[in-house]
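Please examine the structure shown below.

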Amino acid sequence: MSSLKRVLLSVTHLASGSLPLLGLLNRNPRVQFVQTNPVIQNYVDLKVLTSVEHKLSSVAAMFALEANFNYQLGSKSHFPHAHYLFTVRQPDPVLNILVSKGYYDHKEAAMYYCYRLRRICEIAKRVKHGMLLTYDDIQRGDYVGPLKTFLGLKEDIAHTPEVFDYLKLPPNVISKDVLEWCRDCYERHLFFLKSLPLVSVNRG
């Protein structure tokens, strides 16, 4: 990736906490959040997305992009020298947020969520430089030191809990059967992700 700049690919699902986290990273002088929901199929796409001028004129500058949908970043679209951040969250808040905001109905939200977890795992098992975070890691601020080290940042990451307030659990509108199915899906995929050699809050 010698012709490309340093890149952080946030591979996640909607309402995971990744977006406000990238907003906090964007306050760091070495990180610039470029775009939510880009389409990255090859090195050309990645180079175009990172061709904008960075706020820091240095080889240490890093561009951050977020992928929430399967069409954006295929499981075979692999960039060995990029840093990958995998963020996942338990289904209860995710499904309720997606339905309450009108993004999906109950069934569609569950299918999106479980299919997205599967794709995250497919990508995670291929990467060289990857880190796993849960929403709880992020919301509590436990990620600050490990993520700083993972990205090679000199400056601290300024954690601001208030930026996650809009992701609080809304009143439940999801049926018990759907929630149980998605909870099982989450636990299975989280177990798989934890079995991979990814950096995490508890494992450097």
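Axes are lines fitted to C-alpha atoms, for helices over the stretch in contact, and angles run from 0 to 180 degrees between N-to-C directions. Helices (H or I, at least four residues) and strands (E, at least two) are DSSP runs, numbered from the N terminus. The model is predicted: local features need pLDDT of at least 70, side-chain atom pairs count only at pLDDT 80 or more, and totals for chains, interfaces and linings use all residues. Residues are numbered from 1 along each chain as its sequence is written, and side-chain values use heavy atoms, with hydrogens and water left out.

**Helices H3 and H7**
- The axes of H3 (residues 91-100) and H7 (residues 176-195) come within 9 Å and cross at roughly 125°.
- H3 is therefore oblique to H7; angles under 35 degrees count as roughly parallel, over 145 as roughly antiparallel, 65 to 115 as roughly perpendicular and the rest as oblique.
- Pro91, Asp92 and Leu95 of H3 are in contact (heavy atoms within 4.5 Å) with Val178, Leu179, Cys182, Arg183 and Tyr186 of H7.

**Nonpolar core**
- A nonpolar core is a set of buried Ala, Val, Leu, Ile, Met, Phe, Trp, Tyr and Cys residues joined through side-chain atoms within 4.5 Å.
- The largest such core has 65 residues, of which Leu9, Tyr84, Phe86 and Leu147 touch the most other members.
- Helix H4 (residues 106-124) gives this core its largest share, ten residues.

**Thr134**
- Thr134 belongs to strand S5 (residues 129-134).
- Thr134 has a relative accessible area of 14% and is therefore buried, a term that means under 20% relative accessible area (1.4 Å probe, protein chains only).
- Not counting residues up to four places away in sequence, Thr134 touches Val88, Tyr186 and Leu190.

Technical notes
Buried means under 20% relative accessible area, exposed over 50%, partly exposed in between (1.4 Å probe, protein chains only).
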